[in-house]
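The following note sets out points for a colleague who is reading this model.

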Amino acid sequence: MKELMITQREAGQRFDRFLLKYMPEVSPGFLHKMMRKKNIKLNGKKAEGREKLREGDRIEIFFSDETLEKFRGRPEKSRRQLTPAQESLRKKVRILYASKDILVFHKPVGMLTQKAKKEDDSLNDYLIDYCVSHKILSPDQLSVFRPSVANRLDRNTSGIVLAGISIRGLQELSSMLKKRTIGKYYLCLVEGEVTKDRKIDGYLTKEEKNNKVTLHKNKVPGASQIQTEIHVVKANPRASLLKIRLITGKSHQIRSHLASVGHPVFGDYKYGNRDFNNRIKWEDGINYQLLHSYELVVPKGEGVFSGLHIIDPVPEEFLRVQKRWGLEVEE
């Protein structure tokens, strides 16, 4: 007999879904049959599977060790060896905020938020390893709950990334991001002088083949409406430091939107001016976009994270270019 105790991190899941994660090789039909026959009990009683698990719930599985091992499947292989470049990037990750439900990270330039290929390393992989190494989750708990990042940044965009380390944390973050109740602000350096604050609207379509978006003034089939709010922090005839508020949050929204109004982000080869970016590359050593997820604000009264306010200062490379272009400001 195997006994499992539900912790705060697994609470909130349906009982049958929890069991299917714990025993991925079992069929749903057989699972419900075992519950009807009381070979699987919840808090010592017969269960239907639709129950929502709560912290402190006790699960009893009356299977032989051999049967349970068969239903649980093969154990996961140990983490592959990281390359020196991947190890170097991991050393740049910082924890900005931690609670029992969420972690907030600084993601460095060059790191994927989530892997695109099997051999990739990502912030999501770092998150899982961090939770195990810091005993936030045991390897056994990972079989029924996987912590996950809740928002994404492009590989070469730095800054704030949210992650849920409990069911409640992931649900709350997902709900707030969907309802757009979280204030998300970015800092960026752009070509040319932006003279006034403004809000720009448009429609965006994405070409998956080349991972590039196209902006349209009017709605076209398959397009998503986007809105970007621009605040001028400091500007001169050569360049501007902008604080951007994302009203919507689509892939490449800030980069493409700013380029469309004649102010591409420094170092953005995909949407910007190649000659200008080559100059930035040779003079400042920058070959990626200077766009940083800088600030996150949760309004008071908004769920369990009410009043949360996080600021992640720009990286040293960003600040160095900012100073050289005469756009330094007081903290």
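A salt bridge is taken here as a side-chain nitrogen of Lys or Arg within 4 Å of a carboxyl oxygen of Asp or Glu. The model under review is predicted.

1. Salt bridges overall. By this rule, the count for the structure is 17 salt bridges.

2. Asp 101 and Arg 168. The side chains of these two residues meet in a salt bridge, with an N to O distance of 2.7 Å. Asp 101 belongs to the loop between strand 4 (94-98) and strand 5, whereas Arg 168 sits in helix 6, so the pair ties together parts of the chain that are 67 residues apart in sequence.

3. Lys 115 and Asp 125. A further salt bridge joins Asp 125 to Lys 115, and the closest N and O atoms are 3.7 Å apart. Asp 125 is in helix 5 and Lys 115 in the loop between strand 5 and helix 5; the two are 10 residues apart. The relative accessibility of Asp 125 is 19%, so this residue counts as buried, given that the cut-off for buried is under 20%. Lys 115 is partly exposed, with a relative accessible area of 37%.

4. Glu 283 and Arg 324. Here the side chains meet in a salt bridge at 2.8 Å, N to O. The pair links distant parts of the chain, with Glu 283 in helix 8 (residues 274-284) and Arg 324 in helix 9 (residues 316-324), 41 residues apart. Glu 283 is partly exposed at 43% relative accessible area, and Arg 324 is likewise partly exposed, at 43%. Both residues belong to a network of salt bridges that links Arg 279, Glu 283, Asp 284 and Arg 324.

5. Asp 120. This residue lies in the loop between strand 5 (102-107) and helix 5 (123-133). Asp 120 is buried, its relative accessible area being 11%. A polar atom of the Asp 120 side chain lies 2.9 Å from the backbone nitrogen of Ala 116.

6. The largest pocket. Its volume is about 1200 Å³. The lining comprises 43 residues, of which Arg 152, Leu 153, Asp 154, Ser 251 and His 252 are the closest to the centre of the pocket. Two or more lining residues come from each of helix 6 (167-179), strand 8 (183-191), strand 12 (239-246) and helix 7 (253-260). Strand 8 gives the largest share, 4 residues.

7. How many residues of the lining are nonpolar, polar and charged? The lining of the largest pocket divides into 15 nonpolar, 15 polar and 13 charged residues.

8. Cysteines. A disulfide is a covalent bond between the sulfur atoms of two cysteines. With a cut-off of 2.5 Å between cysteine sulfur atoms, the count for this model comes to 0 disulfides. Cys 131 has 0% relative accessibility and therefore counts as buried. Cys 188 is buried as well, with a relative accessible area of 0%.

Definitions and conventions: Residues numbered from 1 in each chain as written. Predicted model: local features only at pLDDT ≥ 70, side-chain atom pairs only at ≥ 80, totals over all residues. Heavy atoms only, no water. 1 Å grid on protein atoms, 1.4 Å probe; cavity = no way out; pocket = protein on both sides within 12 Å on 5 of 7 lines; lining within 4 Å. Points joined across faces, edges and corners; volume = space filled by probe spheres on them. Nonpolar A, V, L, I, M, F, W, Y, C, P; charged D, E, K, R; others polar. Buried < 20%, exposed > 50% of the residue type's maximum accessible area, 1.4 Å probe, protein only. Polar contact = N/O pair within 3.5 Å; in protein donor to acceptor, adjacent residues only side chain to side chain.
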